[in-house]
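Have the model open as you read.

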Amino acid sequence: MKSAREIRLFRMVRIVCALVFVIFSFTFLSIHQAPLLEVVYDITATGKLQYDENITAAIITFALLLVTLWLNKYAKFSREWEAMAYLPACVILAFITNIDRTIYTGIEFSWSWVWIAGIAFFIYVFASWVLKRVLFMRIKDITRAANRIMWRNLLLLSILFCFTGVICNDDENFKHEAMVYHYVKKGDFDTACRVAARSFAASQELTAGRAYLLAHEGVLGEKLFTYPQYYGVEGLLPREENSSPLSASMVYDFLKVSPEKGEGTIKFLSRALSVDTAAVAVKDYYLSALLLDKRLEEFVDSLPRLYNVADTANLPLHYKEALLLCSKVFPDKESCFTDAALEEKYSEMLKLEQEHQDILVRSNYVRKFFGKTYWWYYLYAD
């Protein structure tokens with residue numbers, strides 16, 4: 001029979017485990033996974049209620065706590081193994097946050113979750129069966145046992161939480177896209193830009209999202225090549241098929257003009273320039289598309305129609321870099337553009353190139369110092 005001190009200890013352990021789980025679950029859902037849940041809500045919700053990450057996290061956490069307490073009435077995990085009661089809740093938590101692009105393309109059946117659920121169920125049932133027959137020995141020294149029991153439960157909870165984080169969504173690009181979408185909805189474009197800058201191995205959707213954010217802030221021609229451009233001109237605009245919260249409609253609503261079916265990026269943007277109702281940002285999208293497609297001469301011919309080339313102080317940085325590069329690559333091309341600071345910087349790049357004969361080594365060294373210029377993109381990017 002348990003003593004009064006043992007009963008108080010076990011009750012305290014149960015309360016501490018519940019509180020730690022509630023704190024973890026609420027934080028995990030309301031902060032770390034909130035943008036992903038918001039994407040699902042916006043796709044599936046039919047009502048007019050605005051998504052609230054705190055309310056959603058609280059409801060899910062409360063439901064998982066109830067499930068845990070109900071299951072533990074039969075499993076009877078206690079003492080050092082009280083935390084094992086939260087194994088099903090952690091598996092469910094990982095499952096509902098395992099959100100990726102399939103929510104747009106159609107959810108596919110995955111055997112991986114069958115295996116995860118099956119293994120977790122076996123561990124839960126087997127551990128419960130074993131512990132019911134082992135852990136009924138009376139505790140002799142309740143004071144010394146209290147610390148041991150509490151720390152073992154906290155360690156076990158930490159392992160379960162790490163397990164949850166490992167098996168939930170692992171697509172970092174999709175997470176970043178969801179976070180960008182979250183901040184764009186709130187109108188916080190500064191934070192959205194900072195989030196979009198985190199991923200260097202960006203997806204095509206995130207690359208297009210970056211361009212949209214820069215264009216919205218009016219700095220597309222100033223900062224486009226500060227980010228890696230792995231997709232060339234195809235990464236400037238989102239794909240027509242929806243596979244990301246950074247949807248095509250968001251960008252085309254901003255540009256106030258949409259492409260026709262099968263219309264290429266440059267052809268579409270060239271046509272958009274002649275549409276009276278199109279946004280001012282269309283000109284930067286068009287010029288950026290020419291740069292991304294390495295149509296340097298066409299860019300130089302088009303720029304005077306859209307910008308005052310003589311006003312070099314207000315000319316975006318990448319446009320000035322392209323003008324200077326064109327005068328070097330195509331000496332016969334007439335150009336009245338001069339910029340002493342850029343000329344000096346370009347000369348430094350040429351000196352660095354001459355120090356390395358191997359093309360791969362040269363590319364890497366030049367990228368280290370000039371990777372955020374249009375020059376590196378034009379000369380070395382595939």
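## Where H16 meets H17

In this predicted model, helix H16 uses Leu 317, Lys 320, Glu 321, Leu 324, Leu 325 and Lys 328 to meet Leu 342, Glu 343 and Tyr 346 of helix H17. Sorted by type, the residues of this contact are 5 nonpolar and 4 charged, with no polar ones.

If you'd like to find the two helices, H16 covers residues 317-329 and H17 covers residues 340-354. Their axes come within 11 Å and cross at roughly 65°, and H16 passes H17 in a right-handed crossing.

## Where H17 meets H18

Follow the chain to helix H18, residues 359-370. The axes of H17 and H18 come within 9 Å and cross at roughly 155°. An angle over 145 degrees counts as roughly antiparallel, so H17 is roughly antiparallel to H18. The crossing of H17 with H18 is right-handed.

Which residues of H17 meet H18? They are Lys 345, Glu 348, Met 349, Leu 352 and Glu 353, and on the H18 side they meet Arg 362, Tyr 365, Val 366, Phe 369 and Phe 370.

## How confident is the prediction?

For the chain, the mean pLDDT is 85, and 92% of the residues reach 70 or more. Among the elements, helix H14 (residues 282-292) has the highest mean pLDDT, 94, while helix H5 (residues 102-105) has the lowest, 74. A friendly caution: where pLDDT is low, the predicted coordinates should not be read in detail.

How values were computed:
Residues are numbered from 1 along each chain as its sequence is written. This is a predicted model: local features need pLDDT of at least 70, side-chain atom pairs count only at pLDDT 80 or more; totals for chains, interfaces and linings use all residues. Side-chain values use heavy atoms; hydrogens and water are left out. Axes are lines fitted to C-alpha atoms, for helices over the stretch in contact, and angles run from 0 to 180 degrees between N-to-C directions. Helices (H or I, at least four residues) and strands (E, at least two) are DSSP runs, numbered from the N terminus. A crossing is left-handed if the near helix is turned anticlockwise from the far one by less than a right angle, and right-handed if clockwise. Contact means heavy atoms within 4.5 Å. Ala, Val, Leu, Ile, Met, Phe, Trp, Tyr, Cys and Pro count as nonpolar, Asp, Glu, Lys and Arg as charged, and the others, Gly among them, as polar. Angles under 35 degrees count as roughly parallel, over 145 as roughly antiparallel, 65 to 115 as roughly perpendicular and the rest as oblique. pLDDT is the predictor's confidence in each residue, from 0 to 100.
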